[in-house]
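Biologist: Could you take me through this structure, beginning at the surface and then moving inside?

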Amino acid sequence: MSHRLPIIHAVRERSGDSPDRRLEELDLEFANGERRLYYRQRGTGRGAVVVVPMLDAQTVLLVREYAAGVERYELGLVKGRIDGEETPAQAADRELKEEAGYGARRLDVLRAMTLAPTYMSHQSWLVVARDLYPEKLPGDEPEELEVVPWKLSELDRLMLREDFSEGRSLAALFIAREWLERQG
């Protein structure tokens, strides 16, 4: 099977649904000669962070916030957009202070994760935050978020909860747990 990238014959911009996203139509030709139109959503920002804040070696801090897409309150990890010239570590520390009321003395950027790579260019950087200390910054949330400590040893219970459904948070916790175990 060929892994040669398709030839892009044309890229046409479409109007997006938001000023920070744009929709593109790509005219692609694959190695086998097939031609198709693909659509992708391109973000104009620098991506986002998903933060795994470790209160101690066994306890992660989750936040509960309103999720308009599913019309309920949802448990998940601290997350948010990378602003301006911030690095993923700087954005993670800021978001942690805004959403959970903690800063971190140690921030490890593990990897980038995609949401739907077949049609979105967006990436979220997975950051593990440790050696936490209390510090609150004002955020853009309309209400204060509830901070919920959760034991990593109980991820099997968390992953089956109806109010914990966001894929980035679920993947990030399993990746971070494995990485932390290897750190010793």
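Modeller: Leu 23, Leu 37 and Tyr 39 form a nonpolar patch on the surface, and together they have about 260 Å² of accessible area. Patches are made of residues with over 30% relative accessible area and no salt bridge, where like charges are joined within 9 Å and nonpolar side chains (Val, Leu, Ile, Met, Phe, Trp, Tyr) within 5 Å. Accessible areas come from the Shrake-Rupley method with a 1.4 Å probe, and for residues only the protein chains shown count as cover. This is a predicted model, in which local features need pLDDT of at least 70 and side-chain atom pairs count only at pLDDT 80 or more, while totals for chains, interfaces and linings use all residues. Residues are numbered from 1 along each chain as its sequence is written, and side-chain values use heavy atoms, with hydrogens and water left out.

Biologist: Where does Leu 37 lie?

Modeller: Leu 37 belongs to strand β3, residues 35-43. Helices (H or I, at least four residues) and strands (E, at least two) are DSSP runs, numbered from the N terminus.

Biologist: Why does Leu 37 count as partly exposed?

Modeller: Leu 37 counts as partly exposed because its relative accessibility is 44%. Buried means under 20% relative accessible area, exposed over 50%, and partly exposed in between (1.4 Å probe, protein chains only).

Biologist: Now the charges: how many salt bridges does the structure hold?

Modeller: The structure holds 19 salt bridges, each defined as a side-chain nitrogen of Lys or Arg within 4 Å of a carboxyl oxygen of Asp or Glu. In one of them, Asp 163 pairs with Arg 64, the closest N and O atoms being 3.0 Å apart. This pair links distant parts of the chain, 99 residues apart, with Asp 163 in the loop between α2 and α3 and Arg 64 in strand β5.

Biologist: Is Asp 163 buried or exposed?

Modeller: Asp 163 counts as buried because its relative accessibility is 15%.

Biologist: What does Arg 130 form a salt bridge with?

Modeller: Arg 130 forms a salt bridge with Asp 108, their closest N and O atoms being 2.7 Å apart. Arg 130 is buried, with a relative accessible area of 17%, and Asp 108 is buried at 18%.

Biologist: Which residues are linked in a network of salt bridges?

Modeller: The network links Asp 83, Glu 86, Arg 94, Glu 95 and Glu 98. Glu 86 lies in the loop between β7 (78-81) and α1 (88-99). A polar atom of the Glu 86 side chain lies 2.8 Å from the backbone nitrogen of Asp 83.

How values were computed
A polar contact is a pair of N or O atoms within 3.5 Å; within protein, one must be able to donate a hydrogen and the other to accept it, and residues adjacent in sequence count only if both atoms are side-chain atoms.
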